[in-house]
Amino acid sequence: MSISVSGFERTFQYAQMFKEGMLCTVYLSLFTVILGFMLALVLAVMRMSNFRPLRFLAMTSDGHAREEGFRAFVSRFNPISFVATVYVEVIRATPMLVQLFIVYQVVFDKDVINLPSVTVLGFLKLNRFLPGVVALALNSGAYLSEIIRAGIQSVDGGQTEAARSLGLSQGQTMRFIVLPQAIKNILPAIANEFVTIIKESAITYTIGVADLMAAVKAAQAGTFLVLEPLLVVAALYFCLTFPTSKIIAYFERRMRRGDRR
Amino acid sequence: MAIADSLIRVTDLKKYYNHGAIKALDGVTVDINKGDVMVVIGPSGSGKSTFLRSLNLMEMPTGGAILFDGVDITKKKVRNEAGKMVKLDIDKHRQKMGMVFQHFNLFPHMTILDNMTLAPVQVKHISKAEAGEKAKKLLERVGLADRADAYPIQLSGGQKQRVAIVRALMMEPEVMLFDEPTSALDPEMVGEVLDVMKELAQEGMTMVVVTHEMGFAREVGNRVLFMADGQLLEQGAPADIFEHPRHPRLKDFLSKVL
């Protein structure tokens, strides 16, 4: 197998497909990031929630709450947090490909949710694109929620105490004090996850999403070339991921205000 | 000490850990009156910080009662004016209790001015301009008017603690709680913080101060509590506590710190 200029020239005859594939990958990643981040916020809030329906078990007759003993242990059971924890652990412990196929072949099976065969955003087939986005978002949401939770827990407890001592509510403390500091701490990890989403979106080609990988397959099949289309697509992925991490790094630097001077 | 002046009435306050194996607070009963400058002293591990932190429920007590404004704030539910049982709104009570921490706990991502105006604007809904005006006046009082737009990291420890004090004052609290406010400071900065506290005391602010500064306790305090092993062993006027200690633990403690 050799690499040649004419091989690239033949590959570039498929430029239109690569262009649409690239746009498709961008849309995939963008919707995944948005959906995944919203899911992650919900999961993180669920895991840190303070909902304890069995709390009454620990109540003494004079209105105090017991802190120890079996009843106190049971009273701390939080079903909301439990559900979120199970979800995160299952997603993290199973292959992305399996999750994708379950979403595509089971959840979006035409007997369950029948998507119309229409094209959206110009050229994307909805019945392939949407399951891809949903599967990617369900997956990245679990990882992002762990990042967010770690970030929130990394903020010094004294910050919460100071805010609460001033009379701010739990929600206000989260919004004005904890989250701004947490997001600054976790921006590098979030950037990493965003880059991972762009790269992992390639897997959706297995369910027929016309992304960059699909363009490679088409170019390979049409030209009988193996290497050149792959090199082109590798370069295109790099052009997507590298600026993404650089842009987030820029925001990270800007948020350093107040850290060191 | 008239009962009518009682601002916070603490009754048999307990804080147990590990099924009562560790008794951080073991039945503390004390009245804090309006205008009191109550200094809490004692060896480390005596429960004095736990006591202070229980007053605004930073620590949830295991037993006992804390009557503040006539409401037992340790209860989850209280009877309102109409006689109905409602959920206790602890945020409302905390607004009336300012707290100053050993490690300042300024918000590092906000300027000094924003640190001070956040709670009044968000909680009391006064305008940002009005809050800023008030913050600048307070900053002027503690000699930091020119640092309003600085970030906490740019301030010295003493300056940070002075900001923390005026930040708490922004909410116009009825009582100020100080949790070892000078313990994390370089020695040369202790004075500037104590001066602010002294001024505050002279203005009649009710204060509860946990400290190792015996000079401050003697000079500024009007009541001194001595705690050890989670119990309140002796209390009285500074002169009595320091000149005529009765309890052997207090005598022992004073012989080590004075």
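Between chain A and chain B, 7 residue pairs are in polar contact, both residues at pLDDT 80 or more. A polar contact is a pair of N or O atoms within 3.5 Å; within protein, one must be able to donate a hydrogen and the other to accept it, and residues adjacent in sequence count only if both atoms are side-chain atoms. On the side of chain A that touches chain B, the elements giving two or more residues are α7 (157-165) and α8 (170-200) of chain A. Of the elements, α7(A) gives the most, with 7 residues. Helices (H or I, at least four residues) and strands (E, at least two) are DSSP runs, numbered from the N terminus. This side of chain A divides into 9 nonpolar, 11 polar and 10 charged residues. Here Ala, Val, Leu, Ile, Met, Phe, Trp, Tyr, Cys and Pro count as nonpolar, Asp, Glu, Lys and Arg as charged, and the others, Gly among them, as polar.

This is a predicted model: local features need pLDDT of at least 70, side-chain atom pairs count only at pLDDT 80 or more, and totals for chains, interfaces and linings use all residues. Residues are numbered from 1 along each chain as its sequence is written, chains are lettered from A and ligands numbered from 1 in the order in which they are written, and side-chain values use heavy atoms, with hydrogens and water left out.

In contact (heavy atoms within 4.5 Å) are 30 residues of chain A and 38 residues of chain B. The two chains bury about 2,800 Å² between them, 57% of it on carbon and sulfur atoms. Buried area is the accessible area (1.4 Å probe) that two parts lose on being put together, summed over both.

The chains share 2 salt bridges. Each is a side-chain nitrogen of Lys or Arg within 4 Å of a carboxyl oxygen of Asp or Glu. Arg164(A) and Asp91(B) meet in a salt bridge at 3.0 Å, N to O.

Chain B holds an open sheet of 4 strands, in the order β2-β1-β4-β5, with antiparallel pairing. β2 (22-33) and β5 (71-72) of chain B stand at the edges, each with a single partner strand, so one side of each has no neighbour in the sheet. Strands pair if DSSP finds at least two bridges between them.

| Antiparallel strands | Bridges | Example partners |
|---|---|---|
| β1(B) and β4(B) | 5 bridges | Thr11(B) and Ala65(B) |
| β11(B) and β12(B) | 5 bridges | Phe226(B) and Glu234(B) |

β11(B) and β12(B) form a hairpin with 2 residues between them. In its turn, Asp229(B) has a positive phi of about 50°.
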